[in-house]
Amino acid sequence: MLFFSFFKTLVEHEITVELKNEVCIRGTLKSVDQYLNIKLDNATTTDESRWPHLIACKDMFIRGSVVRYVHLPPGIVDTNLLEDATRREAEAAKAKAK
């Protein structure tokens with residue numbers, strides 16, 4: 001559940017989503033759910049010569065099962081917050097296992 005909360009903090013930021021079929025799409029993150037289904041606005045493909053049919057699509061819904069990677073701009077990730085949340089989740093799992 002940690003990744004879902006993390007991605008919620010990135011709403012309204014520009015991200016790049018790499019799909020399993022090698023397509024890379026850049027756009028503004030509008031929403032994300034627990035299945036990593038992503039809604040992008042102002043979407044563009046990073047290689048328009050290879051994927052010309054995607055030029056006309058500006059708003060996209062990407063199913064989570066086809067996502068390979070989500071690339072984030074380096075300045076928008078709060079690593080301290082992410083490390084703290086990961087540490088708390090690991091401690092909770094360890095306590096639950098006992």
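Me: Helices here are DSSP runs of H or I with at least four residues, strands are runs of E with at least two, and both are numbered from the N terminus. With that settled, where is Glu12 found in this predicted model?

Reply: Glu12 is in the loop between α1 and β1.

Me: What makes the phi of Glu12 worth a look?

Reply: Most residues other than glycine have a negative phi. Glu12 is not a glycine, yet has a positive phi of about 75 degrees. Glu22 also has a positive phi, about 80 degrees, and isn't a glycine either. You'll find Glu22 in the loop between β1 and β2 (24-32).

Me: Why is Glu12 called partly exposed?

Reply: Partly exposed covers what lies between under 20% (buried) and over 50% (exposed). Glu12 has a relative accessible area of 49%, so partly exposed it is.

Me: And why is Leu10 called buried?

Reply: Buried means under 20%. Leu10 comes in at 1% relative accessibility, so it counts as buried. Leu10 sits in the loop between α1 (2-8) and β1 (14-19).

Me: Which residues does Leu10 touch, apart from neighbours within four places in sequence?

Reply: Leu29, Leu72 and Ile76 are in contact with Leu10.

Me: How do you know that Glu14 and Arg26 form a salt bridge?

Reply: The cut-off is a Lys or Arg side-chain nitrogen within 4 Å of a carboxyl oxygen of Asp or Glu. For Glu14 and Arg26 the N to O distance is 3.9 Å, so the pair is within 4 Å and qualifies. Glu14 is in strand β1 and Arg26 in strand β2, twelve residues apart.

Me: What makes Arg68 part of a network?

Reply: Shared partners. Arg68 meets Glu18 in a salt bridge at 3.4 Å, N to O. That pair spans 50 residues, from Arg68 in strand β5 (residues 67-71) to Glu18 in strand β1. Arg68 also meets Glu22 in a salt bridge, at 3.1 Å, N to O. This second pair is 46 residues apart, with Glu22 in the loop between β1 and β2. Salt bridges that share partners join Glu18, Glu22 and Arg68 into one network.

Me: Why is Glu18 called buried, and why is Glu22 called partly exposed?

Reply: Same cut-offs as before: under 20% is buried, over 50% is exposed, and partly exposed is in between. Glu18 has 13% relative accessibility, so it counts as buried. Glu22, at 43%, counts as partly exposed. Arg68 counts as partly exposed too, at 33%.

Me: How many salt bridges does the structure hold?

Reply: Six.

Notes: Residues are numbered from 1 along each chain as its sequence is written. This is a predicted model: local features need pLDDT of at least 70, side-chain atom pairs count only at pLDDT 80 or more; totals for chains, interfaces and linings use all residues. Side-chain values use heavy atoms; hydrogens and water are left out. Buried means under 20% relative accessible area, exposed over 50%, partly exposed in between (1.4 Å probe, protein chains only). Contact means heavy atoms within 4.5 Å.
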